[in-house]
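Have the structure open while you read.

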Amino acid sequence: MSAENQPEKPETQEKPAKLTPPKPSTSKSSVITIHPEGERIQPKKAEGRFAKLRIAAIVATQFVFYIVPWFNWNGRQAVLFDIPERHFYIFGLSLGMGDLIYLALLLMICAFGLFWWTTVAGRLWCGYACPQTVYTEIMLWIDHFVEGDRNKRLKLEKSPWNFTKIRIKTTKALLIFAVCAWTGISFAGWFVPIREFVPALFSMNAGGGAVFAAAFYGFMTFLMAHVMREKVCLHMCPYARFQSAMFDKDTLIISYDAERGEPRGARKKTAGKDETRLGDCINCTMCVQVCPVGIDIRNGLQYQCIGCAACIDACDEIMDKMNYPRGLIRYTTEGALEHEYEESAIKKRLLRPRVVGYGVVLAVIVTAFLVGLTFRKTVEIDILKDRGVMVRENSKGWLENAYNLRIVNNNESEIVLTASVKGFDEIALTGLPEGGLKIAPRETVTIPVQVSTIPEYADKGSHPIEFAFSYGQAGKAEKNVINEDATFIGE
């Protein structure tokens, strides 16, 4: 057998848990040949079950981003983060500045949810839902739609400028501009009423802050998703650097089965394995051609891998054509690849201490978040003692204390509030308007009130009293009651 026909030696597979960069390959089919250094990566379009899952994820996330702001709820935008008014609306939920605790809980849910999911199944967030991945994929769709698949795009890049090339490039640029512009407008529509913003934008009457937000987000979409693309994942994303802290031998990762695939090499479709003495990998490099970040998964898991599973789809398609079993590249664990346990035992390995720990913390935070929202007060009242007037005698000769009531109405409708006080046999509350205090939606008011009693009832020192507040919408019989404790200072 000649030297050139000898099978290639198996490449050393990197340990997935360490996520170290692969060693440079000297093979003629190396990544450098497929994606020349310094040149734009032109991935081939992948088709298969995971490609369909990515499309479904992109459609779902972008439906939320582009469409949800156009929904109405009770006469206003369904989801609106009104920064100037410091108020957030999420369908029937109305949150003010006093509800920032829920934002903190939501951020904690996102963080621990990411940790938990990464421990279970690696970078699924990056591969299917990360905005960088989603918009890069949309830009690749435009590339494929206008310029054709990978080979046509490479040929177009090398061709001289002529009318056809100018027409194709102009068409693509216009489509990319339209997507980026509408993305920026949709982003601004989460913070200003979009049904008013869009007509005002096209009539040149939109506010400067909203226009800046739309232009900035649209430009960043163009820069990150079209210009930089994979460089963001390779050089800018911090998640790629610290993910190894959450990986272990039982984490589901995309892996190449070197034991089955090596030694790799080309062969005829009709050639039997006994004739070639080669592994299942035919060295077609399709797994590299479809990779959006340009890595060779056969060199082991690398931190650059975003977990999109395009290489699995490409490899499965080749295996089908060669009449080989699927799964040469697949979701598996390092422990299964090293025969520490069978592939069938992977599901059992998911319930390990790290996964359970993250899951318990996540469940506690989610429960706290839901319970807090369920029992959240839509009207909050604080009773502040007027320190400038501890106790005084009023015109009736009664002892009087002064208080300031700070009332927050988080409802989306006006309320009418009345109050009473108890604590002595003879006690009076003054300062509130007759018929009740009207408080506008999402308004915070502070009103001074006075509580007085007969001097014989309030000797020297502090005495416990209780305010009872009743509120409801004007014209409706249904009332809610809030009881708050306070102290009365006697002489």
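## Where α2 meets α5

Start with a meeting of two helices. On the α2 side, the residues in contact are R54, I55, I58, T61, Q62, F65 and Y66, and they touch V134, Y135, E137, I138 and W141 of α5. Sorted by class, this contact has 8 nonpolar, 2 polar and 2 charged residues. Keep in mind that you're looking at a predicted model.

How do you describe a pair like this? Two packed helices are described by the angle between their axes and the distance between the axes. Helix α2 covers residues 49-67, and its axis comes within 11 Å of the α5 axis, with a crossing angle of roughly 110°. Angles of 65 to 115 degrees count as roughly perpendicular, so α2 is roughly perpendicular to α5.

## α5 has another partner

Now follow α5, which spans residues 131-147, to helix α6, residues 150-158. These two pack at an angle of about 75°, and their axes are 9 Å apart. That makes α5 and α6 roughly perpendicular to each other as well.

Which residues make the contact between α5 and α6? From α5 it's D143, H144 and E147, while α6 brings K152, R153 and L156. By class, this contact has 1 nonpolar, 1 polar and 4 charged residues.

K396 lies over the face of W398, 4.0 Å from the ring centre. K385 does likewise with Y403, at 5.2 Å from the ring centre.

## Two spots in the backbone

Look next at the loop between α12 (258-261) and α13 (273-276), where you'll find P263. A cis peptide bond joins E262 to P263, with omega at about -10°.

The other spot is R229, in the loop between α9 (208-228) and α10 (230-236). R229 isn't a glycine, yet its phi is positive, near 45°.

## Zooming out

How is the protein divided into domains? Domain 1 takes in 34-70 + 122-340, and domain 2 is 379-489. The C-alpha centres of domain 1 and domain 2 lie 61 Å apart.

Note on methods. Residues numbered from 1 in each chain as written. Predicted model: local features only at pLDDT ≥ 70, side-chain atom pairs only at ≥ 80, totals over all residues. Heavy atoms only, no water. Axes fitted to C-alpha atoms, helices over the stretch in contact; angles between N-to-C directions. Helix = DSSP H or I, 4+ residues; strand = E, 2+ residues; numbered from the N terminus. Parallel < 35°, antiparallel > 145°, perpendicular 65-115°, else oblique. Contact = heavy atoms within 4.5 Å. Nonpolar A, V, L, I, M, F, W, Y, C, P; charged D, E, K, R; others polar. Lys NZ or Arg CZ within 6 Å of the ring centre and 35° of its normal. Domains from an automatic or database assignment.
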